Amino acid sequence: MRVHEEAVVDRRLHELSTRLHGPNRLKTDLLTEARHALEDAVEAYREGGLPRAEAQRRAVAEFGSDAQLVPGFQAELAVGALRGLALRTLVVAVVLIAAGDLTWQGSSWSDGPPPQAYLLLSAALNGIWGVVAALALVALLVGPLVARWGSPRLVRPARLIGFGLTGSLLLGAVAGGALFGWSIGLWDAALTWPPLVIGMVVVSAAWFALARAARCWVLADRRSAG
């Protein structure tokens, strides 16, 4: 393949790339498949006797316009973004539910046991993470169905699940932040308690990953819906 032919294919793929948003790995895979399809089409036209310039023109024209290609590609990227968010969320939820209380085992409170409201907030946070885990599981089950069938009847529930998952994560972040701040207020030595310090670092890293995954899904879904 000559440089000029590569430039034509690259330009078309770059135009398509700028219209798509989603997980980088999945986006790269989709564009690689598109590149192979374009290159095969050019080669087939060349073997049929067409000049190189005409073979390129026909291959790019028959490849499809952005209006024809972007909706399908973007829908697949949105599904992939939701799957990535759900998988990360499920892992974090399971870890926090299973290990959250371990950060306090063996500690002593400054002024005796925590107040009842604090215990209620802690229980509520566990409940929120239970809902988050359930939504993540449903998203992991629905995502492959949407990717396989592409039915509008499945796309809308998948979007609702994604919004529910994102909203629940936001609620969990607010409740978790409030509980953490309250813990520091109740226990003067909280920030020097090793299990809590380790947990704080781990949770911060987990929230950073979840925030990136949630942002990726929201943008991918917006492009898909738009």
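## Helix α7

Helix α7 covers residues 194-225. Its 32 residues span 46 Å from the first C-alpha to the last. That is close to the 46 Å expected at 1.5 Å a residue. The model is predicted.

An α-helix has 3.6 residues a turn, so residues three or four places apart point the same way.

## The chain as a whole

The chain holds 7 helices and 0 strands. Read from the N terminus, its elements run α-α-α-α-α-α-α.

The chain has 226 residues, and 35% of them are buried. Residues 24 or more positions apart account for 81% of them. The chain exposes about 13,000 Å². Carbon and sulfur atoms supply 63% of that area.

T89 sits in helix α4, which runs over residues 66-99. Is T89 buried or exposed? T89 has a relative accessible area of 0%, so T89 is buried, under the 20% cut-off.

Which residues does T89 touch, leaving out those up to four places away in sequence? They are V132, A136, L165, L169 and L210.

## Aromatic pairs

How many aromatic pairs does a search of the whole structure find? The search finds 3. One of them joins Y118 and W182. Their ring centres are 5.5 Å apart. Their planes meet at 80°, so the pair is edge-to-face; the cut-off is over 60 degrees. This pair links distant parts of the chain. Y118 is in helix α5 (residues 116-149) and W182 is in helix α6 (residues 152-186), 64 residues apart. Y118 is buried, with a relative accessible area of 5%. W182 is partly exposed, at 31%.

Another pair joins F163 and W217. Here the ring centres lie 5.1 Å apart. The planes are at 75°, so this pair is edge-to-face. F163 belongs to helix α6 and W217 to helix α7, so the pair ties together parts 54 residues apart in sequence. F163 counts as partly exposed, at 44% relative accessibility. W217 counts as buried, at 2%.

Note on methods: Residues numbered from 1 in each chain as written. Predicted model: local features only at pLDDT ≥ 70, side-chain atom pairs only at ≥ 80, totals over all residues. Heavy atoms only, no water. Helix = DSSP H or I, 4+ residues; strand = E, 2+ residues; numbered from the N terminus. Expected span 1.5 Å × (residues − 1). Buried < 20%, exposed > 50% of the residue type's maximum accessible area, 1.4 Å probe, protein only. Contact = heavy atoms within 4.5 Å. Areas by Shrake-Rupley, 256 points an atom, 1.4 Å probe, with all protein chains shown as cover. Phe/Tyr/Trp six-rings, centres within 6.5 Å; stacked < 30°, edge-to-face > 60°.
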